[in-house]
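User: I would like to go through this model with you. Could we start with a single residue and then turn to the chains?

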Amino acid sequence: MTGVRRLWPALRDHLILSVGTLFLIAPVLVMLGSSTQSTGALGLDGPGFALGDHAVQNYAEVMTLKAGFTDQISALAMLRNSLIVATGLATLTTLLSLCAAYALVYFRVRWAAAAFWLTMATLLLPLESRFVTTFEVAATLGLVNTHLGMILPALALALGTLFFRQLFLSFPDEYLEAAKLDGAGPVRFFRDFILPLAWRRAGAIFVVSFMIGWHQYLWPLMLSTDESRYTMVRGMHLVGLESGPGMALAVLTALPPFLLVLIFQRYFFQALADTKDAF
Amino acid sequence: MAQVELKQVRKTYPNGAEAIFGVDMHIDSGELIVFVGPSGCGKSTLLRMVAGLESVTSGEILIGDKVINNVSPSERDVAMVFQNYALYPHMSVRGNMSYGLKNRKMPADEIERRITDAARMLKIDQFLDRQPNQLSGGQRQRVAMGRAIVRNPQVFLFDEPLSNLDAKLRVQMRIEIKKLQRRMNVTSIYVTHDQTEAMTLADRLAVINEGRVEQMGVPMELYANPRTLFVASFIGAPQINLIPVRFDGTSLTNGTLKLAGFSDLPTGVDLMLGIRPDVLSIAPEGQLELNVDLVEQHGGENLIYGALLGTKNAAGDAQEICLKGPQSLLPATDDKLRLAFDPAAAFVFRTDTGERLK
């Protein structure tokens, strides 16, 4: 009797979860299925879950792709651009947030609170809302068609600063005081305490900002007129959005962030869920 | 080893709050001084000013012969043990102990020698490669001590180092700290709110109240000869009995209570009669009569609490007092006891200023 009573709620919970999971991964499955169909079949039936027989052909075509006005667009070149932009953005964002939070928490400047809330206010002004001015600035600085131009405007991630700040605030003041008595100045304290105590969280911020950089679309679209600077997301339509190779490129584009999350998910969730992770 | 000197040291926070009002103090080389007082009295602030973790608003602090007001904490040659230990969570015990020495560019073999010595002295040699979160509270305490000892500083600073330990361990560590300090003969300042810790550890203790040193001296001197009402009530466990009284020219009175044997006291002002619980004794012809409320058996001795018949305190109730008696003294609730005391062993304070008159 009790077994059945426990069985039903368990079944119900699993049913809800399964439906939810299916709902979330359905587009991914469609993308995977469609990437194995021929372009003709896709045109006829539209995208679907079914596997076709064009997998090898589609992926081979994408990998050996030569496109664009001067044949400068290849899958590898786009992968390279995407990696540079995403890695650069993630690295710089992590460092910048780390330093900003360090300054806000440990250098007791009078306007620290104001500076922090100003940083938070940038959340209300995403890049998309200031494209025109940002483009003007980028153009003036000669950043059009550069990797740096794609990185800089997206660099200041207020959430990163917030996460690091909350972590640092959870450290007892005595760490700093004991370190002071042990002869550690600001640089040593950063190197010997902040970095080792915050690296898990830094990893999480890195993954998040990597994905932001990787998935950027509108800004690189505006900034890169030179085909040799196209990122994977930016280049997808060149291959044909409703084509088998286009779907194959979409799969390849989704792969690196997916792998990154897969590898680092343990740290990722620990670092963001638990403020005591560092101890 | 060095002497420490505080000259008219004051602390005012930027928001105008005053924490320390002109403290003068001389600490001899090798002496263990305890700052004791209620929380918020400024004792930790004063210690942190010596450490360099708080700035000095005015006045001078000298270690040895050198004014250290503007010397950075790491160059003051002081080592501090914190209340929560402040062990570096990402470093092993060895790493915790060596960090300050490495920063001072000490040769590796010298660091190793000091760590080995300190670890043996503190019996933590088998934990050297553990992380702090793998240690018990008592072991962490020892590591914190070890981190201070390896520095071989001129001055040790202890900021309530035992208050996170359980009662038994606290007594044990208290004894060890005292022994260690004797052996190393390093000038030490120890902050606590626990008067027993203060009494037992101190060579001399400073009772601090509201940012001022109320009295400084050897523990027994403060116990036997308190200068103010505050010192008398803070030092001594169980607490001194305080009975509000007035002087009528010949005796101290409260309600129907009349105590002879006092003279040269001002009339017409509120006074406070202070009698230590161990000065009271059972005597059929005693001056005081007690209505027993409660007996606390502490093993070797009993503490008897009761109302002093005939008296009224500010709240309108009979004044509660406490008497320390032998194991065998076990009165029942509401028994009446007559108690005697020697007026020469009692103190009289002015209630308004706290000043001791007798």
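User: Is B:D352 buried or exposed?
Analyst: In this predicted model, B:D352 has a relative accessible area of 55%. B:D352 is therefore exposed, the cut-off for that class being over 50%.

User: Where is B:D352 placed, and which side chain does it join in a polar contact?
Analyst: B:D352 sits in the segment after strand 20 (347–350) of chain B. Its side chain makes a polar contact of 3.0 Å with the side chain of B:R350.

User: How far is B:D352 from B:F234?
Analyst: The two are 118 residues apart in sequence, and their C-alpha atoms are 17 Å apart in space.

User: Changing topic: how many residues of each chain are in contact at the interface of chain B and chain A?
Analyst: On chain B there are 23 residues in contact with 17 residues of chain A. The two chains bury about 1800 Å² between them, with 60% of that on carbon and sulfur atoms.

User: How many salt bridges and polar contacts are there across it?
Analyst: The rule finds two salt bridges across the interface. One pairs A:E177 with B:R48, with the closest N and O atoms 2.6 Å apart. Eleven residue pairs are in polar contact between the chains.

User: Which elements of chain B supply the side that touches chain A?
Analyst: Helix 1 (43–51), strand 6 (78–81) and helix 2 (93–103) of chain B each supply at least two residues. Helix 2 of chain B gives the most, with three residues. By class, this side of chain B has twelve nonpolar, six polar and five charged residues.

User: How many residues of helix 2 of chain B are buried, and what covers them?
Analyst: Nine of its eleven residues are buried, among them B:V93, B:M97, B:Y99 and B:L101. The cover includes helix 10 (186–215) of chain A, as well as helix 3 (108–122) and helix 4 (137–150) of chain B. After helix 2 of chain B comes B:K105, with a positive phi near 60°.

User: What about B:R48 again; which residue of chain B does it pair with in a salt bridge?
Analyst: B:R48 forms a salt bridge with B:E54, the closest N and O atoms being 3.4 Å apart. Both B:R48 and B:E54 are buried.

User: Where is B:K11, and what does its side chain reach?
Analyst: B:K11 belongs to strand 1 (residues 4–12) of chain B. Its side chain reaches the backbone oxygen of B:S55 at 3.0 Å. B:K11 has a relative accessible area of 4%, so it is classed as buried. Beyond its neighbours within four places in sequence, B:K11 contacts residues including B:E18, B:T45, B:M49 and B:E54.

User: How many salt bridges are there over all chains?
Analyst: The count comes to 19. One of the pairs is B:K43 with B:E160, at 3.7 Å between the closest N and O atoms. This pair links distant parts of the chain, 117 residues apart: B:K43 is in helix 1 of chain B, and B:E160 is in the loop between strand 7 (155–159) and helix 5 (167–184) of chain B. B:K43 is buried at 3% relative accessible area, and B:E160 is buried at 9%.

User: Finally, how many disulfides are there over all chains?
Analyst: The count is zero by this rule. As for individual cysteines, B:C41 is buried, with a relative accessible area of 2%, whereas A:C99 is partly exposed at 40%.

Notes: Residues are numbered from 1 along each chain as its sequence is written. Chains are lettered from A and ligands numbered from 1 in the order in which they are written. This is a predicted model: local features need pLDDT of at least 70, side-chain atom pairs count only at pLDDT 80 or more; totals for chains, interfaces and linings use all residues. Side-chain values use heavy atoms; hydrogens and water are left out. Contact means heavy atoms within 4.5 Å. Buried area is the accessible area (1.4 Å probe) that two parts lose on being put together, summed over both. A salt bridge is a side-chain nitrogen of Lys or Arg within 4 Å of a carboxyl oxygen of Asp or Glu. A polar contact is a pair of N or O atoms within 3.5 Å; within protein, one must be able to donate a hydrogen and the other to accept it, and residues adjacent in sequence count only if both atoms are side-chain atoms. Helices (H or I, at least four residues) and strands (E, at least two) are DSSP runs, numbered from the N terminus. Ala, Val, Leu, Ile, Met, Phe, Trp, Tyr, Cys and Pro count as nonpolar, Asp, Glu, Lys and Arg as charged, and the others, Gly among them, as polar. Buried means under 20% relative accessible area, exposed over 50%, partly exposed in between (1.4 Å probe, protein chains only). A disulfide is a pair of cysteine sulfur atoms within 2.5 Å.
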